[in-house]
Amino acid sequence: MKRATICAAMLLFAACAPLVTRAQNPGTIFIQNATVLTVTHGNIEHGSILIRDGKIAAVGADLKAPEGAAIIDATGQYVMPGIIDCHSHIAVDGSVNEAGPAVSSMANIADVLNPDDIDIYRDLAGGVTTANILHGSANPIGGQTVVIKLRWGKPASELPFQGALPGIKFALGENPKHSNFPTPPGVTPRYPGTRLGVEEVIRQAFIEAREYKKQWDDYNQRKASGEQNLIPPRRNVQLDPLVEVMEGKRYVHAHCYRADEILMLIRVANEFGFKVRTFQHVLEGYKIADEIAASGAGGSTFSDWWAYKMEAFDAIPYNAALMTERGVIVSVNSDDAQEARQLNQEAAKSMKNGGLSANDALKLITLNPAIQLGIDARAGSIDVGKDADLAIYNRDPLSVYAVVQKTLIDGQVYFDRQRDIAERATLAAEKQTLLDKEKKAAEAKKAEEKSDKKPETKPDKKKKPPQDDGGAVESGVAGGLR
Amino acid sequence: MKILNFSSRTVALVLAASLAIPAWTQNAAPTSYAIKGGKVFTLAGAAIENGTVLIRDGKIAAVGAGIAIPADAQVIDASGLEVYPGMFDPITQMGLNEVSAVSATLDVSELGDYNPELVAATAVNPASAHIPITRANGITEVIAAPGTTGFDLQSGGLIAGQASAFNMAGWTMDEMQINRSVAMVINWPSIQTRSFDFATFSIKEKPYADVKKEYDKSVNALGDWMDRARHYAQAKEKGSPALYERDLKLEALVPVVQGKLPVLVIADEARDIRNAVDFCTKQNLRMILGSGAEAWKLKELLKDKKIPVVLAPTNRLPEQIDTPYDKPYTEPSELFAAGIPIAFSSFGTSFSRRLPQYAGTAVAYGLPHDEALKAVMLNAAQIFGLADQLGTLEPGKIANVIVTNGDPLELQTQVRYLFIKGQLTSTDNKHRELYEQYRKRPQPAR
């Protein structure tokens, strides 16, 4: 096992190193002669984008490249805002679920970001620049979440999207009530086991959080009024994030399927005076789109997933379009490292299923998720002043035939298809050298030791275990549990 | 390229039109149709501008330009539209899997490792909601393959059973069936030291030596089964009932060892594929490779042994951390260029409707468009020995025909008319009904 693991690790290093050095010094970049899909103000034929210090400085049809600017010639190509994936589990080291307690708000995904996850690079190569990295859905109230940019090659500390509000994962339905996998023998099933219990767990947690908040508010008030010798309330790391939710400092991203449980959470949120920022999956959102729109929550859904579990049996591929029609801000997300690589294709399906315009389809993976994550002043469209997070395709990205050529984040080229292809031979040769070297070393060692060696084990290469928790899943490519 | 833009109104009109088509029935009149005025892609020659496809008694009667239309034929105006053979998804769990997480709705994986006598057709539910949903996207026939879950949730067994081909409309499986037994499914054992254990929700590690031992045991057992089937066939040929006891499992393997029924071997890793090819060569079995994520590493071998590949969904992650990021996308074009017959497949049920998307993605990464069409319409029929009945628009074949408003591989293309076994078949389905129903929901009172 060691051999392959070491090789993989070294290769990873080798693969990222050249990209990093080349992607430094944003400076001034000029993308010229492209079809620019701004999303907010139409498409510009033969358009150009001027990037300065990582920001979009100008967009238009008659721009001139400034002296000394690095030119990206995009003749015949399409530039769109970098794709924003509102539901992702990439870049997480180990399990995405702290599945012990039913309220795991003390756990934070931001603490376990893994910048070496190859899926960061793969999704980047699919035009994704920003992802909402969520805790899993094992618990009614799950862990804290973080929005990252896919800055491949940078350390974990440089992945988070600076200024984006943190979030927390909630989960309703089959997953938190553990419907779709057996409780191991000898283990007491965990409460809750019904949707009734899921509501109770969330309400109870917020009743406690409200009390806790009151203690702190009182303390702070008395302290501010000059009282001496006060003892502060005991810090509770489980309730702190819930207080932030009530104060509007942390977004709730709630995994949900059925209409009834969505309405339940809207009621509970009203009771405790907070807002659900996004309903995730929300596959029955189309049944109660008016109520979701009135609550102010966004809907982040799949294109055409259905029937992988009971609560997904009424899912329809018209969901995104129908919710949009009723005034919900809708995004199409991946929940899966592969699906993220094809979000442009998934968005396009809403033109066929429900008749969205091309621009509205693009919004599903750009501006709308940016709004949902509260980063629309910085990302989600090609507008002056926004971060230069861009995806360049060889043709209209809403075509199945479109291929990402380059992906830029903060004005830096983090993925370049031609460069990737050109480097393959070098990498293969490097791998062979390492393999040979290691083989030689192993043989030498063997000759030296001449003793029984431990049985070899092989590393995990094939199917990844499911990242999310919950139901069983259908076959094939998108094998995670939703 | 121009993106087709449907307004909501257009969609409503299309829906209304589709609802006006009576649901298929076996006794419906007329039995004769003329699809005229469209561009006809027969897949058996050049496309025919302004062509006509005549359908009679479930079969294609004639195809060409300027064909006389019989008086009794219902005329379908395909002006401005395109006419193709229906799409064929050759590895699915269609009708055997309604809701993946609900075991009561699953008939995919039987207990035990060796079940050659099981036949998918036995349990295909003709009323499955998946069937109308899938055919609305242009998939007119599929193969249901037992034991191919594609996910380690349940083991499908090593010899999982016989795969069945059927049309995507009909009152009963008898009416839908094309061929009850088109292949014997073998899930090739794989040496995996790490596996996900659902009981404990954690990754389980086993020592390599143990796993290798299990693997060798499985492969030896597969060989034993084939040997026994051969002996059984010999005994049976001698004709004396005293010489053998009837054994359904061995009986089912007889056509396999006689080379009459191909084996559909599901394998992904290069090592496993190579071992499976060796095995089938030694055992003289007709092998079809299913999935083949690393088939691109063995192009010479597969070409040399004339082994066709039913491709795992193009839209998937690379196998290894250092596999080029686009390898799953380029694999179809690489195999095609090497002269290996390929067919696209969903390996699923709810994603069967994604079949054209998988082909389209492969075109984006180098597969010629006309070859991609063949790989979703014709090649599977050839690979599974059904090309005399399916795959092209030629007289005498089953009239599984789709009429589209554009490139069938493109994401926005709609199927306007659907013919299955020569019957004009509704594209209505559960999803559209729910859409229509909830679209009409009045604003709730505040």
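**Ground rules.** I number residues from 1 along each chain as its sequence is written, and chains are lettered from A and ligands numbered from 1 in the order in which they are written. In this predicted model, local features need pLDDT of at least 70 and side-chain atom pairs count only at pLDDT 80 or more, while totals for chains, interfaces and linings use all residues.

**Confidence.** I looked up pLDDT, the predictor's confidence in each residue, from 0 to 100. Chain B has a mean of 91, with 91% of its residues at 70 or more. Residues 1-27 of chain B stay under 50, and the model has 38 contacts for them beyond four places in sequence (contact: C-beta atoms, placed from the backbone, within 7 Å). For the complex I noted an ipTM of 0.92 and a pTM of 0.90.

**Helix α4 of chain B.** Helices are DSSP runs of H or I, at least four residues, and strands are runs of E, at least two, numbered from the N terminus. Just after α4(B), B:Gly239 has a positive phi of about 85°.

**Core.** A nonpolar core joins buried Ala, Val, Leu, Ile, Met, Phe, Trp, Tyr and Cys residues through C-beta atoms within 7 Å (buried: 20 or more other C-beta atoms within 10 Å of its own). In the largest, of 258 residues, A:Val79, B:Leu264 and B:Val265 touch the most other members.

Conventions: Contact = placed C-beta atoms within 7 Å. Buried ≥ 20, exposed ≤ 12 C-beta atoms within 10 Å, placed from the backbone.
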